Amino acid sequence: RLCPPAAPAPGTGNGNAPGLEARPSGPASSLCPRPHCLLPDTNLLLHQIDILEDPVIKNVIVLQTVLQEVRNRSAPVYKRIRDLIQNPEKHFYSFTNEHHRETYIEQKRGETSNDRNDRAIRVAVKWYNEHLKKIDDEEKIQVIFLTNDRTNKEKALEEGITAYTCEEYIKSLTANPELVDRLACVSDEGKEIEGGKIIFPEHIPLSKLQQGIKSGIYLQGTYRASRENYLEATVWVHGDAEENKEIIVQGLKHLNRAIHEDIVAVELLAKDEWVAPSSVVLQDDGQNEEDIENEEEKENTLKTSVNKDMLRPTGRVVGIIKRNWRPYCGMLSKSQIKEARRHLFTPADRRIPRIRIETRQADTLEGQRIIVAIDGWPRNSRYPNGHFVKNLGSAGDKETETEVLLLEHDVPHQAFSQAVLSFLPKMPWRITEEDMKHREDLRHLNVCSVDPPGCTDIDDALHCREIENGNLEVGVHIADVSHFIRPGNALDEESVKRGTTVYLCEKRIDMVPELLSSNLCSLRSNVDRLAFSCIWEMNHKAEILKTRFTKSIINSKASLTYAEAQMRIDSAAMNDAITTSLRGLNKLAKILKKKRIDNGALTLASPEVRFHMDSETHDPIDLQTKELKETNSMVEEFMLLANISVAQKIYDEFPEFALLRKHPAPPPSNYDILVKAAKSK
């Protein structure tokens, strides 16, 4: 296989080409029976990343020229390529051709940057083939150039370079026919498919859109499709102007191939064409491509249901500034035509239109949850074109539906990589003398934690005691995760990406590896743990007299559930130190809550539910509303108070960096649909 130095970032590294360690082992190709490596151009990487991620595809050389272009054009694809390069099983390698004496080229006079980069890629392919011949002529390893650009391919062939389109190469892998389904449709997004009536107006080019936005002819905003009505959307206009902040778009032609979360340009319609938000529920039933009359009938239904008193600024999408497509989960709606290859895919998210894909696996994929990616949306196609990416499993299966839930809500849930795990502390771990030097020893305090049943990631604990002057000392102790995670390393970056721990019925998706979340950073009872403490001196009216913050070492004396803590507070027979601490905390929490409510705090908490799981199958068998006890409110009050104290400290010490999250009153228009529905009853 190819074995370069550690893949350098674009523009870095020593510029040496990868050497040869062993014979590349990849899929058998009818076009290329010899051992070979693939070298794709920029557009192929951008559009066929799903194919390249398949385990079958190995031994790929990614040029610095290509990597830089991808980085400039698509950050998500760039990250996926970097992940492939870092995966040793895939044998993807980065070659810094722009820093290599024999592959660097100057841009010719009159040559565009794009043409120069295409030429640089061809030069690198040619050099690579010559380079491999010098290393070992017996192996006769070949570098194959993959491009979907007709002109680039023709020039490569003229220069004696073996070149294929992605489709030609993938179809040559006779042992892996399923890969053909993952090919992206590479035709231009606006280009019409064969036959078919033009349905949508042409998108205005980006350069003209930008001029129009600057002059105020068009407005730029985020397109938000309706869940209830596939023929309606709103565009949330960017900028400071209060006027026309939200624009309604109704009707297939006015929606003009925009997809939820796209950044679009809209043109306001004349006031006599303005409409009101529709109260009609319309779901796309996947009618025939030609059945546009049916769409027009539905649009007329919207118009007849308009309330003239509730007209809102209305517009039409004239162009797309930025696509924000992602892979979508859903199910295949198999065509009724026998042996048809074209089928409609129905996304789980109702804001996304159906997607037309080609697949030979329709019988296999029927009844399965699958992932599909959008490739483009021609003007004469009722639906966007896409391609099959992955089969997640049978619809209704618990693991499959959990996967869909996580993917659709963009929750990172893959296993932690070895790069991340390498930054964890080595076990057995203990607190050192060096740690003690910079921390306050609070292990003598009667600290305890109060959490839901079964909680293992205990991140906060509390204490309350009376001090010599008759006042109360109250402490909130938070697990000091920062001691174990240093800024900028792989563990830190992964934690930033995840952002929070996500709790599901039968499991949780940790923000940090389990060694930290459930062990070293869990404030379990009867073990020494590192914490960051916020400690107040209060009087018995819950008025704060002093506040201080310190890094600390604590030893929790009890890990309690809400029910256990409540039982201690309520039991006249219990008067130990932990129970006394809990009673003091509970008494102060009631006073703090009353003060908050009296000062105008808004309580928005809705009833929480708890699932009872079967002990063997782990399936949910019962559902009940969680009973909130005083101890729930007690913990909440002190977490709020700690946040308030920290915010005040930040404001006092770093006023130029302090931010207040303010919730403005919602605009009256937000209530229009509710008011309309209420009046109709």
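**Entry 1: the whole chain.** I noted before anything else that this is a predicted model. I counted 20 helices and 28 strands in the protein chain, and I found that buried residues make up 46% of its 681 residues. I then looked at contacts between residues at least 6 apart in sequence, and 67% of these join residues at least 24 apart.

**Entry 2: α3 and α4.** I looked up helix α3, residues 64-73, against helix α4, residues 75-86, and their axes come within 6 Å and cross at roughly 140 degrees. An angle counts as roughly antiparallel only over 145 degrees, and α3 and α4 are therefore oblique to each other. On the α3 side I listed Leu67, Val70, Arg71 and Arg73, which meet Ala75, Val77, Tyr78, Ile81, Arg82 and Ile85 in α4. Sorted by kind, the residues of this contact are seven nonpolar and three charged, with no polar ones.

**Entry 3: α17 and α19.** How do the axes of α17 and α19 cross, and at what angle? For helix α17 (residues 562-570) and helix α19 (residues 630-653) I read a crossing of roughly 105 degrees, with the axes coming within 8 Å. Angles of 65 to 115 degrees count as roughly perpendicular, so that is the description for α17 and α19. Tyr562, Ala565, Gln566 and Ile569 of α17 make the contact with Glu630, Thr631, Asn632 and Val635 of α19. I sorted the residues of this contact into four nonpolar, three polar and one charged.

Entry 4: I reminded myself that, in soluble globular proteins, nonpolar side chains tend to be buried together. The largest nonpolar core here has 47 residues, and Ile57, Ile81 and Ile170 are those with the most contacts inside it. Helix α5 (residues 113-135) gives the largest share of this core, six residues.

**Entry 5: Lys593.** I went to Lys593 in helix α18, residues 577-598, and found it partly exposed, at 33% relative accessibility. Beyond residues up to four places away in sequence, Lys593 touches Ser633 and Glu637. I also checked Lys593 against Met634, which is 41 residues apart from it along the chain, and their C-alpha atoms are separated by 8.8 Å.

**Entry 6: His343.** Is His343 buried or exposed? His343 lies in strand β14, residues 342-347, and it counts as buried because its relative accessible area is 3%. Its side chain reaches the backbone nitrogen of Ser335 at 2.9 Å. Apart from neighbours within four places in sequence, the residues in contact with His343 include Leu332, Lys334, Ile355, Arg356 and Ala362.

**Entry 7: Thr314.** I found Thr314 in the loop between α10 (292-304) and β12 (315-322), and at 2% relative accessibility it is buried.

**Entry 8: backbone details in loops.** I looked up Arg257, in the loop between α9 (252-255) and β11 (263-268), and its phi is positive, about 70 degrees, although it is not a glycine. Arg257 is buried, with a relative accessible area of 2%. Ala542, in the loop between β24 (528-538) and β25 (544-555), likewise has a positive phi, near 65 degrees, and is buried at a relative accessible area of 4%. Last, I checked the peptide bond from Met427 to Pro428, which is cis, with omega near 0 degrees; Pro428 lies in the loop between α13 (418-421) and α14 (433-437).

Methods:
Residues numbered from 1 in each chain as written. Predicted model: local features only at pLDDT ≥ 70, side-chain atom pairs only at ≥ 80, totals over all residues. Heavy atoms only, no water. Axes fitted to C-alpha atoms, helices over the stretch in contact; angles between N-to-C directions. Helix = DSSP H or I, 4+ residues; strand = E, 2+ residues; numbered from the N terminus. Parallel < 35°, antiparallel > 145°, perpendicular 65-115°, else oblique. Contact = heavy atoms within 4.5 Å. Nonpolar A, V, L, I, M, F, W, Y, C, P; charged D, E, K, R; others polar. Buried < 20%, exposed > 50% of the residue type's maximum accessible area, 1.4 Å probe, protein only. Polar contact = N/O pair within 3.5 Å; in protein donor to acceptor, adjacent residues only side chain to side chain. Core = buried A, V, L, I, M, F, W, Y, C linked by side-chain atoms within 4.5 Å.
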